[in-house]
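Please keep the sequence and the 3D view at hand while reading.

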Amino acid sequence: EEAIGRGADPGRVLVNPNGVDVARYAPDVSGADVRRRYGLEDAFVVGFIGTFGPWHGAEKLVEAAAAACAEAGQDPRPRRRLRFLLIGDGVRMPEVRALVERHGLQDVVTLTGLVPQADGPAHLAACDVLTAPHVPNPDDSPFFGSPTKLFEYMAMGRAIVASDLGQMGEVLQDGATALLVPPGNVHALASAILRLAADEPLRLRLGAAARECAVREHTWDVHTRRITSALAALTLAEAPPAQVLA
């Protein structure tokens with residue numbers, strides 16, 4: 001939209017979402033070592049990875065953790081204890097730490113800090129559910145982003161809870177490849193997490209469908225083919241007509 005608004009021909013604009021290496025991010029990656037490191041062996045682990053920017057909604061995830069734990073404590077159905085694994089670091093980490101302390105979640109929320117990029121898949125593999133609780137821009141400007149984490153989550157074959165915001169609501173299908181929730185709605189986020197915690201068949205179905213979608217539509221190879229195909233189509237469309245010499 002910005003390119004077209006600046007005068008670009010709509011027929012020459014290609015929008016590609018981000019992508020993922022589905023060989024590195026895959027369901028068969030083991031998260032066992034990460035679980036042992038943080039004492040998560042017997043837990044139901046809800047994960048998040050990111051740079052803790054203002055738009056990532058990590059604070060909302062901590063609030064949802066408090067709400068989910070309170071609700072789970074009142075639910076008589078057996079359930080593995082809830083734990084939240086927040087991977088990464090960034091400008092909003094002080095607010096996240098303050099919320100963890102305010103809600104008394106020190107034994108529920110694990111903050112890993114920065115981890116090497118190569119260790120990202122194993123950390124995601126340690127999780128049963130992965131979250132992208134993004135929030136709208138505070139100045140009400142249109143949300144723009146193509147979160148790399150979204151495609152990594154999909155490739156891992158884990159069930160996803162994500163905000164129905166911007167491209168995330170376009171790439172994911174609610175009830176088919178993820179559970180989508182209203183951005184910033186803590187109780188909807190907590191409810192979706194608890195729903196997945198209680199429903200293993202749903203988790204498996206959503207995770208498998210997300211993985212299939214990532215392999216089919218969001219690998220870097222597919223990404224590159226879209227670009228080269230668009231360039232080839234433009235080249236053919238703009239080539240001068242062939243001259244026939246008598």
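## The chain as a whole

The model shown here is a predicted one, and every value below was computed from it. The protein chain has 246 residues, of which 46% count as buried, and its secondary structure comes to ten helices and six strands. Along its principal axes, the C-alpha trace spans about 85 × 40 × 30 Å.

Two further values describe the chain as a whole. Of the contacts with a separation of 6 or more, 76% are made by residues 24 or more positions apart.

How many of the seven residues of strand 1 are buried? Seven of the seven are, and the strand is therefore described as mostly covered, with buried meaning under 20% relative accessible area. In a regular strand, side chains alternate between the two faces of the sheet. In strand 1, Phe44, Val46, Phe48 and Gly50 point one way, while Val45, Gly47 and Ile49 point the other way, and all of these residues are buried.

Strand 1 pairs with strand 2 in the parallel sense, over seven bridges. Within this pairing, valine 45 has arginine 83 of strand 2 as its bridge partner, and isoleucine 49 stands opposite isoleucine 87, also in strand 2. Strand 1 also pairs in the parallel sense with strand 4, which covers residues 129–132, and here there are two bridges; valine 46 has valine 129 of strand 4 as its bridge partner. Strand 2 is largely enclosed by the rest of the structure, because seven of its seven residues are buried.

## Two buried loop residues

Phenylalanine 52 lies in the loop between strand 1 and helix 3, the latter covering residues 58–74. Its phi angle is near 55 degrees, which is a positive value in a residue other than glycine. Is phenylalanine 52 buried or exposed? Although it sits in a loop, phenylalanine 52 counts as buried, because its relative accessibility is 0%.

Histidine 218 is found in another loop, the one between helix 9 (200–217) and helix 10 (220–238). With a relative accessible area of 5%, histidine 218 is buried. Leaving aside residues up to four places away in sequence, histidine 218 touches Pro17, Asn18, Gly19, Val20, Phe151, Met154, Val171, Cys213 and Arg226.

## The pockets

Rolling a probe the size of a water molecule over the atoms shows where empty space is left. The largest pocket holds about 570 Å³ of space. It is lined by 15 residues, of which Glu1, Glu2, Val15, Phe143 and Phe144 lie nearest its centre. Helix 1, which covers residues 2–5, gives the most to this lining, with three residues. By class, the lining of the largest pocket divides into seven nonpolar, five polar and three charged residues.

The second largest pocket has a volume of about 360 Å³. Its lining is made of 19 residues, and those nearest its centre are Ile49, Gly50, Thr51, Gln117 and Glu152. The elements that give two or more residues to this lining are strand 1 (44–50), strand 2 (82–88) and helix 6 (148–156), and the largest share, three residues, comes from helix 6. The lining of the second largest pocket has eight nonpolar, eight polar and three charged residues.

## The cavity

How many cavities of 30 Å³ or more does the structure hold? There is one, and the volume of this largest cavity is about 40 Å³. Its lining consists of Lys60, Pro133, Ser163, Val181, Pro182, Pro183, Gly184, Asn185 and Leu189. By class, the residues around the largest cavity divide into five nonpolar, three polar and one charged.

Definitions and conventions
Residues numbered from 1 in each chain as written. Predicted model: local features only at pLDDT ≥ 70, side-chain atom pairs only at ≥ 80, totals over all residues. Heavy atoms only, no water. 1 Å grid on protein atoms, 1.4 Å probe; cavity = no way out; pocket = protein on both sides within 12 Å on 5 of 7 lines; lining within 4 Å. Points joined across faces, edges and corners; volume = space filled by probe spheres on them. Nonpolar A, V, L, I, M, F, W, Y, C, P; charged D, E, K, R; others polar. Helix = DSSP H or I, 4+ residues; strand = E, 2+ residues; numbered from the N terminus. Buried < 20%, exposed > 50% of the residue type's maximum accessible area, 1.4 Å probe, protein only. Contact = heavy atoms within 4.5 Å. Pairing = 2+ DSSP bridges.
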